[in-house]
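Here is a short report on a protein model. Keep the structure open while you read.

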Amino acid sequence: MTHAPARPEADYRALPGPVQDAFTALMEQADTAGTTDHFLTLMARAASLIGMPLPPSGDIRRCACSCVCGCIFDAEDPGAHVIEHGEGYNLGRVQCPTCADWHPETA
Ligand SMILES: [Zn+2]
Ligand SMILES: [Zn+2]
């Protein structure tokens, strides 16, 4: 028996166009969600839309690196790098763990 991959991740660029658009729309709604429940519902919908298991944090994010990275990952992964903190329920900008290693960006 092997262990599941350490972190749930998806590749935005590998998604069909309409799914990319729907994912982006859900992220925009989450950005302006007024309650934790609403926020988590939108995150769960976004994860199921792209077929990614929702991490325990309930918070997924597309990599905000300036490279072409399309990684969608657990925003609370210890390896992720926060470029800009969100305010309230607003989404901050977070780099995926791979980018945090390979192209570090300062705030
Ligand atoms: Zn990345
Ligand atoms: Zn990058």
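Which residues coordinate the zinc ion (ligand 1)? The donors are the SG atoms of Cys63, Cys69, Cys96 and Cys99, at 2.3 to 2.4 Å. A donor is an N, O or S atom within 2.8 Å of the metal (3.2 Å for Na, K and Ca); water is not among the atoms, so sites may look incomplete.

This is a predicted model: local features need pLDDT of at least 70, side-chain atom pairs count only at pLDDT 80 or more, and totals for chains, interfaces and linings use all residues. Side-chain values use heavy atoms, without hydrogens and water, residues are numbered from 1 along each chain as its sequence is written, and chains are lettered from A and ligands numbered from 1 in the order in which they are written.

The angles between the four donor atoms around ligand 1 run from 108 to 112 degrees, which makes the arrangement tetrahedral (four donors, all angles between 85 and 135 degrees). Ideal angles for four tetrahedral donors are 109.5 degrees. Along the sequence, the donor residues of ligand 1 follow the spacing C-x5-C-x26-C-x2-C.

The zinc ion (ligand 2) is held by Cys65 (SG), Cys67 (SG), Cys99 (SG) and His103 (ND1), at 2.2 to 2.3 Å. Its donor angles span 98 to 117 degrees, so this arrangement is tetrahedral too. The sequence spacing here is C-x1-C-x31-C-x3-H.

How far apart are the two zinc ions? They are 4.2 Å apart, and Cys99 coordinates both. Cys67 sits in the loop between β2 (60-62) and β3 (71-74), and Cys99 in helix α3 (residues 97-102), so the pair ties together parts 32 residues apart in sequence. Helices (H or I, at least four residues) and strands (E, at least two) are DSSP runs, numbered from the N terminus.

Are these cysteines buried or exposed? Cys99 has 3% relative accessibility, so Cys99 counts as buried. Cys63, at 7%, is buried, and so is Cys69, at 14%. Cys67, at 29%, is partly exposed. Buried means under 20% relative accessible area, exposed over 50%, and partly exposed in between (1.4 Å probe, protein chains only).

Notes: Four donors count as tetrahedral if all angles lie between 85 and 135 degrees; four count as square planar and six as octahedral if opposite donors are over 155 degrees apart and all others between 65 and 115; anything else is irregular.
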